[in-house]
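Please look over the structure below with its aromatic side chains in mind.

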Amino acid sequence: MEWRGRRQSSNIEDRRGAGGRNPFGRGGLRIPVGRGGVRRAGGGIGIGGIILILIISWVLGINPLTLLSGGDMGLDGGGYEQQQTGTSTPANDEMTAFVRTVLAETEDTWSGIFQASGEDYREPTLVLFSGQVQSACGFASSATGPFYCPGDQKVYLDTAFFQELDRQFGAAGDFAEAYVIAHEVGHHVQNLIGVLPRFNQARQRMSEVEANQMSVRVELQADCFAGVWGKFTDQKGILEQGDLEEALNAAQQIGDDTLQKRSQGYVVPESFNHGTSAQRMEWFRRGFESGDVNACDTFSADL
């Protein structure tokens with residue numbers, strides 16, 4: 001991907017160094033719940049657990065209700081667990097320049113698409129953080145993975161995730177990384193056109209299985225939107241040979257079935273909330289080949 005020398009977005013909020021090492025370890029905050037061992041916050045804790053939450057909240061300066069509620073991260077928060085580095089990154093390093101450039105390319109693409117429909121595109125802010133971060137959707141550690149928060153219309157990214165994408169998932173390449181950013185921006189587009197508000201309202205009346213099924217459709221549409229962006233980027237002559245394969249490989253490596261097989265040796269389809277590897281690859285390819293948002297109607301499609 002020939003990204004160097006292109007326009008860089010100013011919609012970046014760099015909080016690296018503010019979070020530092022996640023004080024709760026790789027798995028995030030875990031609260032004692034008695035003889036049953038430990039459980040994530042929000043899972044029926046006792047008096048001791050509540051006291052511990054209050055102490056932690058006071059130390060970190062965050063709302064204790066965030067920890068008590070489990071810190072719903074909105075979208076995406078795919079649960080990718082990664083090693084904390086505990087180091088900050090210079091604001092002018094190559095990775096920052098890359099993220100700024102990719103974000104600028106998404107701004108150009110979606111501004112043009114919205115303008116063609118007579119609408120204005122509100123650009124999201126991308127927050128770079130290290131270790132942990134506070135968003136309008138709650139508190140998150142790097143183990144959450146990249147995510148979009150509709151509450152503040154910001155994309156949150158710990159760029160250490162890109163190292164894990166390469167080392168742990170075998171999905172190397174700059175266009176694989178760009179796909180991750182474009183997917184989260186796809187959620188922002190969904191928020192602007194009303195998809196996320198309708199989903200968040202509807203899932204309050206759904207069972208867990210129904211909500212997971214609807215979440216898959218939301219995620220696959222974001223993959224398709226990422227593909228649409230990829231098409232417009234390719235038309236600019238930015239992509240190089242092998243870039244499309246990098247993105248498709250990334251989509252394959254982070255499919256629900258592949259992740260579950262890797263982590264536990266078997267799959268539980270009822271718990272899928274992002275889509276299988278085949279589905280994620282298919283919908284990214286649909287967007288890429290068509291370059292048309294109308295091809296991204298995952299809600300009417302037979303999955």
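## Basis of the values

This is a predicted model, in which local features need pLDDT of at least 70 and side-chain atom pairs count only at pLDDT 80 or more, while totals for chains, interfaces and linings use all residues. Residues are numbered from 1 along each chain as its sequence is written, and side-chain values use heavy atoms, with hydrogens and water left out.

## Aromatic pairs

Searching the whole structure gives eight aromatic pairs; rings of Phe, Tyr and Trp (its six-membered ring) pair if their centres lie within 6.5 Å, and planes under 30 degrees apart count as stacked, over 60 as edge-to-face and the rest as tilted. One of them joins tryptophan 3 and phenylalanine 98 edge-to-face, at 5.4 Å centre to centre with 75 degrees between the planes. Because tryptophan 3 lies in the segment before strand 1 (12-14) and phenylalanine 98 in helix 3 (residues 94-116), this pair ties together parts 95 residues apart in sequence; helices (H or I, at least four residues) and strands (E, at least two) are DSSP runs, numbered from the N terminus. Both tryptophan 3 and phenylalanine 98 are buried, meaning under 20% relative accessible area, with exposed over 50% and partly exposed in between (1.4 Å probe, protein chains only).

Tryptophan 110 and phenylalanine 225 also pair edge-to-face, at 5.4 Å centre to centre and 70 degrees between the planes. Since tryptophan 110 lies in helix 3 and phenylalanine 225 in helix 7 (residues 208-235), the pair ties together parts 115 residues apart in sequence. Tryptophan 110 counts as buried at 2% relative accessibility, and phenylalanine 225 is buried with a relative accessible area of 3%.

## Cluster and charge

Tyr179, Phe284 and Phe288 are linked into a cluster by ring pairs. The charged end of arginine 286 sits over the ring of tryptophan 283, 4.0 Å from its centre, where the term requires NZ of Lys or CZ of Arg within 6 Å of the ring centre and within 35 degrees of the ring normal.
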